[in-house]
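Hi,

Here is the structure I said I would pass on. Have a look first, and then read my notes below.

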Amino acid sequence: MTTTKDFINGLSSKLGRPTPTKAPTPVEISVPQYRLSNTEERVSIFLQNWHALGGKGAIVRSENDLLQSLQEWFRDQPINWIKENKLALLAWDMLPTIAESAFSSLNWPLTRYTQSSLNIRDRYSIAAQAELGVTGSDWGIALSGTIVMNSNPLRGRAISLLPPRHLAFIEAAKIRNNLFEVLHEVSALGTPPAAIEMISGPSRTSDIEMDLSIGVHGPIEVYVVVIQD
Amino acid sequence: MTMYNLTTDQRVDEALANNFLRQATRRATDRLRNNKYKAADELGNWEEWRGAGETIRKHVIANLDYYLNQLIEQMEKRGVHVHLAKTPADAVGIVRKIVHEQEAKNVLKSKSMISEEIHLNHALEKDGVAVVETDLGEYIIQIAGEPPSHIIVPAMHKTRQQVADLFEPIAGHALSSDTPTLTRFVRLQMREQFLRGDIGITGCNFAVAETGSIVMVTNEGNGRMVSTLPRVQITLMGMERIVPSFRELDVLLNLLARSATGQRLSSYTTILTPPKHSADSDGPEEYHLVILDHNRSEILGDELFRTALNCIRCGACFNVCPVYRQLGGHAYGSVYSGPIGSVITPLLEKDWKKWGHLPYFSSLCGACSEACPVRIPLHDLLVKLRMRKTQSGHTPQVEQHIFKAYRYFFSREKTLRRVLRIGAHLQRPFVRNHRISGGPPPLSNWTKSRTLPMVAAKPFMQVWADLKNKR
């Protein structure tokens, strides 16, 4: 069994010097980063790119706007899903207020993933049988049409993964220009959460004859609601 | 007979005779290459990004001992089990031990080139463990019992009908060969597996030294499944996959997604900083990181080839290589094919007899070096590998004799003149339009697909002498 010290010393000797005790000076990085001038532009480009990837999205300014979007996207499906499986709509413990209130008005009961069962394996089964996973987002990336979510005890990574549909809410002010800006803020967290998931559209593959096919493992349909103040 | 039992010539002949393979390879590499061009253009000054990528990778490799140590410290501080493997056998042994201790029966894998490099599946299957490749392309070649033919699109050599035929015995009924049907079948089939998995094994695109994080990119979501659902996760990483911090990660993720598939970011980019926090409602409880050397430290110590460690495994060099585009990946015979495979395989495996053909799977046109997002001078490394092979005395005897003869005649002017005169006579039956075509072996090996210039009726040395006399 190789010890870490032997392993590292072996590398230093290949590099022809002792192992550095101080951190090397970071390299200078200067690359042209994509930047937009304001939130409105970022929201617009973010949604444009999200649509191009095959996702559906809308900007909402009020609960009425949100109700309209949800009804347009899902019609009365959630009522039918609930009839079949009362845990069909699975969500984070806390969603933006406007989302909580819209689901309540529509009488689409949300099951909180973390409280759905005490047993982790059962929670996975519940998520696998759910029809819709509902989450918030910590950041968005305009350039790539990406939503970014940190894991934490009130959330659950499986909600955006196992159900065939994923609906994410994001406040307009959380949309950044590019990946660099998001990673810069991740860095500022100190220790990152156990998982940061960056999602750009639905699950996809081109593994068979380079033919694009949607929804091989992750969600088949992805929806994003941008909440504009 | 599998491709592993064939000689290089047999593999090449097979590839050249397989029209579907050649068309599919062309089509896929054209698509990937054109997507890359588009994605590179829209990023702004691509050369500045490449320059930054090159600088970052060189810096990491020059300080690999520091950053690897930092990564290990960060990981161990949080309770991650870090295992260091000098050889593929060590790595396989480590994984087998974990699987045995966990009494695991079902192992799920997302794409990992390291697992291919160490031939992990075979070892686990021999232990009676069910190993399931969850990436669609990897799943197809796992059933077919074949190695990947492209680093990004591993089953590009299979037709949809071949895929349907492979899936049918598992489905237990006939399957239509349209892509949505095949994808849906895999989704349903794999769902049960995901929920049943005891251990998840993933690869690692990058490891962030500063925070002890692992970064994985996938498009299907299988990487997320494998790194979320099983109780225990094992990540396999080549020891050079490091970035110092999130600052450098930005550049490399942009370069990777755009160079590999032409995406701005892959569908899923996951940054894991394991293990899960005690109150988290999901994620693996136990996390093992296996770091593989497998002669990478030898490459690190070899200044001629150190830049080969800068590779970020995007596959862009495959898509522009005229040799790869004609043959596909299997003709190479190695786990890593394409230009980068031809460079690293002889260095990792250290077996000229088996892998000495690889540096010659190149026209030295330099397209690979131009395509590389971190500017590895691949064609230059291929030339140096040829030199290294020659120095080690592993060139074929015929070649050695030819060069001995070349040295003999070119250091004896009179003899050379005589030989050229004889050559000018002997070539006559094979000369058409001032070029030599046809002829007996070994000449025919060359002339069956191209011609040679004829030996001039009046040698240059004679022309030169005549010119001098005229003055």
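By class, how many nonpolar, polar and charged residues are in the lining of the largest cavity? Eight are nonpolar, four polar and three charged (Ala, Val, Leu, Ile, Met, Phe, Trp, Tyr, Cys and Pro count as nonpolar, Asp, Glu, Lys and Arg as charged, and the others, Gly among them, as polar).

Before the rest, some housekeeping. This is a predicted model, in which local features need pLDDT of at least 70 and side-chain atom pairs count only at pLDDT 80 or more, while totals for chains, interfaces and linings use all residues. Residues are numbered from 1 along each chain as its sequence is written, chains are lettered from A and ligands numbered from 1 in the order in which they are written, and side-chain values use heavy atoms, with hydrogens and water left out.

Back to that cavity. Its volume is about 80 Å³, and the search of the whole structure turned up nine cavities of 30 Å³ or more. (A cavity is a set of points on a 1 Å grid over the protein atoms alone where a 1.4 Å probe fits but cannot get out, and lining residues have an atom within 4 Å of a point; points are joined across faces, edges and corners, and the volume is the space filled by probe spheres set on them.) Of the 15 residues lining the largest cavity, Leu143(A), Asn178(A), Leu179(A), Asn254(B) and Arg258(B) lie nearest its centre. Helix α12 (residues 246–260) of chain B gives the largest share of that lining, three residues. (Helices, H or I of at least four residues, and strands, E of at least two, are DSSP runs numbered from the N terminus.)

Now the two chains together. In contact are 103 residues of chain B and 85 residues of chain A (contact means heavy atoms within 4.5 Å). Between them they bury about 7,700 Å², with 59% from carbon and sulfur atoms (buried area is the accessible area, with a 1.4 Å probe, that two parts lose on being put together, summed over both). On the chain B side, Asp65(B), Arg187(B) and Arg224(B) lose the most area to chain A, together 10% of what that side buries.

There is also an open, mixed sheet of eight strands, ordered β8(A)-β5(A)-β6(A)-β9(A)-β9(B)-β6(B)-β5(B)-β8(B). β8 (175–176) of chain A and β8 (242–243) of chain B are at the edges with a single partner strand each, so one side of each has no neighbour in the sheet. Strand β5 (residues 139–141) of chain A pairs with β8(A) in the parallel sense over two bridges (pairing takes at least two DSSP bridges), and Gly140(A) stands opposite Ile175(A) there.

Cheers

How values were computed:
1 Å grid on protein atoms, 1.4 Å probe; cavity = no way out; pocket = protein on both sides within 12 Å on 5 of 7 lines; lining within 4 Å.
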